[in-house]
Amino acid sequence: MAILGISNLKFGYGDHIVLDGVNLTLEQGEHVGMVGRNGQGKSTLMKLIAGIGNLKPGSGQIQLTRGATAGYLHQDPDLDLNRTLREEAATVFAGLDAMHQQLHALTEQMADTQGSALEKLLKRYEKLEHKMQAAGGYAVDHQIDQALHGLGLGNETFDVKVEDLSGGQKGRLALAKLLLTEPDLLLLDEPTNHLDIAGREWLENYLINYRGAVILISHDRWLLDRVVSTIYEVEVGRVFDYPGNFAKYTELRTERRMVAQRVYEKQQDKIRQEKGFIDRYRSGQRSKQARGREKRLERFIDQKQVDRPLELDVMSLDLPAPPRAGDMILSCEGLSKVYDDGNKPLFKNLDLIVRRGDRIGIIGPNGAGKSTLVRCLLGEQQASSGETRLGAQVQIGHFRQTHADMAPHLTIIEYLSKHVPGESGQIARNLAGAFLFTGDDQEQTLGLLRGGERARVALAALMAGEHNLLVLDEPTNHLDVLSSQKLEEALEMFTADREGWGEKTRGGGTLILISHDRMLLDHLVDQLIIFDGQGNAKHVWGNYSQYTQGELTPTPVDVKPVKTKKTASKPKPQPKPQIQSKPKRSGALTKLSMEKLEQRIMTIEQALSDIDGSLADPAIYRDGTKVKDYQQRRDALREELTPLEEEWAARG
């Protein structure tokens with residue numbers, strides 16, 4: 001039985017049509033995901049279904065089954081700022097509290113009543129108690145605590161005034177209140193925005209077992225894969241339904257577009273043939289036949305011609321080939337960060353070596369210290385103890401959650417031009433266009449952009465630089481699912497084994513990724529740094545699936561895991577070498593300053609990079625003498641580099 005029916009729904013703002021003839025039916029208990037590019041009308045359709053925001057359809061109907069309730073997750077929740085978090089969550093059961101008070105009042109009355117009057121009070125008490133039990137009875141406190149804990153709101157937040165909560169905490173409180181109401185139709189618009197992985201897992205399990213109907217807008221592909229049985233795609237004002245989860249949707253969508261393209265091309269061939277015949281025989285003995293075929297062609301075009309399949313605008317992210325860095329990208333030894341006079345450790349005694357080509361994911365609860373660790377590793381923040389070192393010729397691209405470097409008065413073009421020095425602005429405009437900013441949009445100031453737009457500008461700026469180490473802090477938070485897929489594809493190519501030469505060089509980059517996006521982690525990384533939120537962080541091999549299945553392996557200090565495409569196979573580590581005291585060293589290298597030592601390593605690695613580039617050119621092999629000379633120079637440089645790197649490592 002259907003709980004929701006929408007027929008020929010149209011909505012727009014003035015001349016701008018947002019929804020144009022939407023038709024859909026939602027069955028009771030059905031769970032669907034709603035996807036599509038940002039700005040295509042997903043949230044608008046959700047608000048129209050919920051009947052909020054004073055939005056009214058231009059035409060068409062939205063019909064919710066009589067007596068059914070719908071609950072919508074507001075982006076700006078209406079919360080009482082003067083209540084504590086726990087008190088505000090409990091307002092969901094305000095009616096139940098009133099029943100408790102009535103029962104208490106009846107108990108006091110019965111104490112002073114006898115005879116038939118007491119019988120009447122007893123019947124009222126039994127009826128009210130039955131009603132209260134049906135509404136949750138005395139178990140609501142457990143339900144409230146379970147929802148708050150599941151969404152990452154611990155006991156320490158329960159007595160905090162709502163006005164003192166962070167934006168993320170308010171968002172999680174609003175989500176908890178909505179889930180506790182258990183409406184017949186649950187409307188969720190990006191519910192994972194403020195959730196860490198643990199919170200997403202809890203929500204995922206909750207929705208899997210939810211008996212009511214659900215419409216879920218989310219960029220979390222992992223969540224969509226496990227929760228929904230149908231996908232609604234909102235594009236160009238219409239809604240297209242695809243049976244199955246998100247993985248099935250991507251498969252069917254590709255097939256449908258291929259079929260539509262073939263049908264379109266076949267019709268165009270037929271139209272061209274008919275027009276050719278008509279033009280050839282418009283005059284002469286076969287003119288009557290030509291006129292008849294022309295009329296039939298006009299009817300065909302008017303009634304049966306299909307439109308060209310739309311090429312949807314998705315950001316074009318093609319990271320340039322990274323310049324070659326040294327084998328060692330960065331390292332730390334005994335790294336610790338402690339707040340509150342030593343009472344709040346974020347991480348302690350962390351040893352880490354990041355080598356060229358590594359793909360490392362960093363996961364853990366919100367506030368555990370993931371971003372702080374990255375800032376300490378990059379030298380942007382002072383650690384409490386320990387040492388960090390950056391390798392030779394490392395060029396860092398850092399995508400931050402806050403985009404604090406975006407001066408609000410700068411236009412998109414002005415900001416991108418700062419990252420493409422020495423050019424007139426055309427490259428910056430081309431770059432903006434590749435990330436879906438065209439025409440007058442390119443002159444918008446950064447302060448007026450929404451979260452997803454700011455993320456696209458930041459990614460465009462990253463693409464403009466030639467980085468060989470990308471450090472990305474929650475890069476998919478504000479991206480739609482199609483853009484998240486594009487980012488994943490680009491990073492996969494960036495971190496692939498280096499191949500090609502000259503402008504065709506690809507791969508060889510290094511990635512450090514902080515993310516709650518479980519599918520992105522599963523497809524991209526082969527090592528994890530896991531924070532437990534209690535001041536501990538451990539470095540292990542494996543991707544997210546191996547983490548959930550308990551198949552992770554402690555990472556040996558001096559063994560590089562084998563990279564695989566898409567997912568990482570279970571590593572086969574060598575025995576972890578024992579850490580020994582540093583041996584006494586002697587010789588000329590020990591007298592070099594660290595600055596001169598690193599400069600010499602960088603010079604040699606640059607020379608090696610130049611030689612490798614020359615040897616990658618097939619034309620060079622026409623001159624055997626030159627090839628031999630290059631190879632001899634390369635061997636000599638490698639021989640010189642080895643003791644320098646050993647000395648550098650010994651000091652670090």
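Glu88 is placed in helix α2, which spans residues 85-90; helices (H or I, at least four residues) and strands (E, at least two) are DSSP runs, numbered from the N terminus. The model is predicted, so that local features need pLDDT of at least 70 and side-chain atom pairs count only at pLDDT 80 or more, while totals for chains, interfaces and linings use all residues. Residues are numbered from 1 along each chain as its sequence is written, and side-chain values use heavy atoms, with hydrogens and water left out.

With a relative accessible area of 2%, Glu88 is buried; this term denotes under 20% relative accessible area, exposed denotes over 50%, and partly exposed lies in between (1.4 Å probe, protein chains only). Apart from its neighbours within four places in sequence, Glu88 is in contact with Asp78, Leu79, Asp80, Arg83, Val162, Leu173 and Lys177, contact being defined as heavy atoms within 4.5 Å. Asp80, Arg83 and Lys177 also join Glu88 in a network of salt bridges, a salt bridge being a side-chain nitrogen of Lys or Arg within 4 Å of a carboxyl oxygen of Asp or Glu. Within this group, Arg83 forms a salt bridge with Asp80, and their closest N and O atoms are 3.5 Å apart. Arg83 is partly exposed, at a relative accessible area of 31%, and Asp80 is likewise partly exposed, at 29%.

A search of the whole structure finds 23 salt bridges. One of them pairs Glu204 with Arg518, with the closest N and O atoms 2.8 Å apart. This pair links distant parts of the chain, as Glu204 belongs to helix α7 (residues 197-208) and Arg518 to helix α16 (residues 518-524), 314 residues apart. Glu204 counts as buried because its relative accessibility is 10%, and Arg518 counts as buried at 0%. Another salt bridge is formed by the side chains of Glu274 and Arg293, at 2.7 Å from N to O. Here helix α9 (residues 246-280), which holds Glu274, is linked to helix α10 (residues 287-303), which holds Arg293, the two residues being 19 residues apart. Both Glu274 and Arg293 are buried.

Leu188 is part of strand β6 (residues 185-189). Its relative accessibility is 0%, and Leu188 therefore counts as buried. Neighbours within four places in sequence left aside, the residues in contact with Leu188 are Met46, Leu73, Leu175, Leu178, Leu207, Ile215, Leu216 and Ile217. Between Leu188 and Met34 the C-alpha to C-alpha distance is 9.8 Å, although 154 residues separate them in sequence.

An open sheet of three strands shows the order β2-β1-β4 with antiparallel pairing; two strands pair if DSSP finds at least two bridges between them. From one strand to the next, the twist averages 15 degrees. Strand β1 (residues 2-13) is joined to β4 by five bridges, and the two run antiparallel. Gly5 stands opposite Gln63 in β4. Across β1, β2 and β4 lies helix α1 (residues 42-50), which runs at about 125 degrees to β1; axes are lines fitted to C-alpha atoms, for helices over the stretch in contact, and angles run from 0 to 180 degrees between N-to-C directions.

In helix α5 (residues 140-150), the buried residues are Val140, Ile144, Ala147, Leu148 and Gly150. Gly152, which follows α5, has a positive phi near 85 degrees.
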